[in-house]
Amino acid sequence: GTDGTDGAPGPSDVYISAHDAGFDVATGGYVALLTLDVPAGSYQLSLTAYGTGADADAILTCRVTASGATTAWVQPRQVVGIVSGPVGASTNPGIAADGAISSAGAQTLTAECGVTAGTTSIVATRLTAIKTGSLHVTP
């Protein structure tokens, strides 16, 4: 038969921001690792990274923040312990946090990490936003 006309695109788009080189995160608050701009809509969020080269035992917290008002927000966030040691002996914790956001306006998403002591390098950072047609969040 005859091919029909193409339909409208589906609701799914994928936005990714990645940075492989290390960011040094020192005691004293959060350090912005990378940003990702997304248009209005609903998104499944994923943040992955690794902490390495800690020079002190500490707690590492990584999270994603949003620049504007949201109608639904499940903040991606993970807290892990880091153990320092001689070169090559410190732990290298993986960060893997998921969340979701729905917003009537565009957002700038920021992946950021902070430590409670010393300095840690954050490497292989990835922030992914997958646009969905609808977002259903259960408290």
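This note sets out points on strand pairing, cross-links and surface features in the structure above.

1. Basis of the model. The structure is a predicted model, in which local features need pLDDT of at least 70 and side-chain atom pairs count only at pLDDT 80 or more, while totals for chains, interfaces and linings use all residues. Residues are numbered from 1 along each chain as its sequence is written, and side-chain values use heavy atoms, with hydrogens and water left out.

2. Strands are DSSP runs of E with at least two residues, numbered from the N terminus. Buried means under 20% relative accessible area, exposed means over 50%, and partly exposed lies in between, for a 1.4 Å probe and protein chains only.

3. Partners of β9. Two strands are taken as paired if DSSP finds at least two bridges between them. Strand β9 pairs with β3 in the antiparallel sense over 7 bridges; within this pairing, Leu36 has Leu109 of β9 as its bridge partner. Strand β5 (residues 58-66) also pairs with β9 in the antiparallel sense, over 7 bridges. Here Thr65 stands opposite Thr110 of β9.

4. Thr35. This residue belongs to strand β3 (residues 31-38) and is partly exposed, at 44% relative accessibility. Leaving aside residues up to four places away in sequence, Thr35 touches Ser17, Thr108, Leu109 and Thr110, where contact means heavy atoms within 4.5 Å. The C-alpha atoms of Thr35 and Ala111 are separated by 6.3 Å, although the two residues are 76 apart along the chain.

5. The disulfide. The structure holds 1 disulfide, defined as a pair of cysteine sulfur atoms within 2.5 Å. Cys62 and Cys113 form the disulfide, with their sulfur atoms 2.0 Å apart. The pair links distant parts of the chain, Cys62 being in strand β5 and Cys113 in strand β9, 51 residues apart. The torsion about the S-S bond of Cys62 and Cys113 is about 110°, so the disulfide is right-handed. Cys62 is buried at 1% relative accessibility, and Cys113 is likewise buried at 1%.

6. A salt bridge requires a side-chain nitrogen of Lys or Arg within 4 Å of a carboxyl oxygen of Asp or Glu; the count comes to 2. In one of them, the side chains of Glu112 and Arg63 meet at 2.6 Å, N to O. Glu112 lies in strand β9 and Arg63 in strand β5, so the pair ties together parts that are 49 residues apart in sequence. Glu112 is buried, with a relative accessibility of 11%.

7. Salt bridge of Arg126. Arg126 forms a salt bridge with Asp20, their closest N and O atoms being 2.6 Å apart. Arg126 is in strand β10 (residues 119-132) and Asp20 in the loop between β1 (14-19) and β2 (23-26), so the pair ties together parts that are 106 residues apart in sequence. Arg126 is partly exposed at 28% relative accessible area, whereas Asp20 is exposed at 52%.

8. Nonpolar surface patch. Val14, Ile16 and Ile130 form a nonpolar patch on the surface, with about 270 Å² of accessible area together. Such a patch is made of residues with over 30% relative accessible area and no salt bridge, with nonpolar side chains (Val, Leu, Ile, Met, Phe, Trp, Tyr) joined within 5 Å; accessible areas come from the Shrake-Rupley method with a 1.4 Å probe, and for residues only the protein chains shown count as cover. Ile130 is placed in strand β10 and is partly exposed, at 34% relative accessibility.

Terms used: Helices (H or I, at least four residues) and strands (E, at least two) are DSSP runs, numbered from the N terminus. Patches are made of residues with over 30% relative accessible area and no salt bridge: like charges are joined within 9 Å, nonpolar side chains (Val, Leu, Ile, Met, Phe, Trp, Tyr) within 5 Å.
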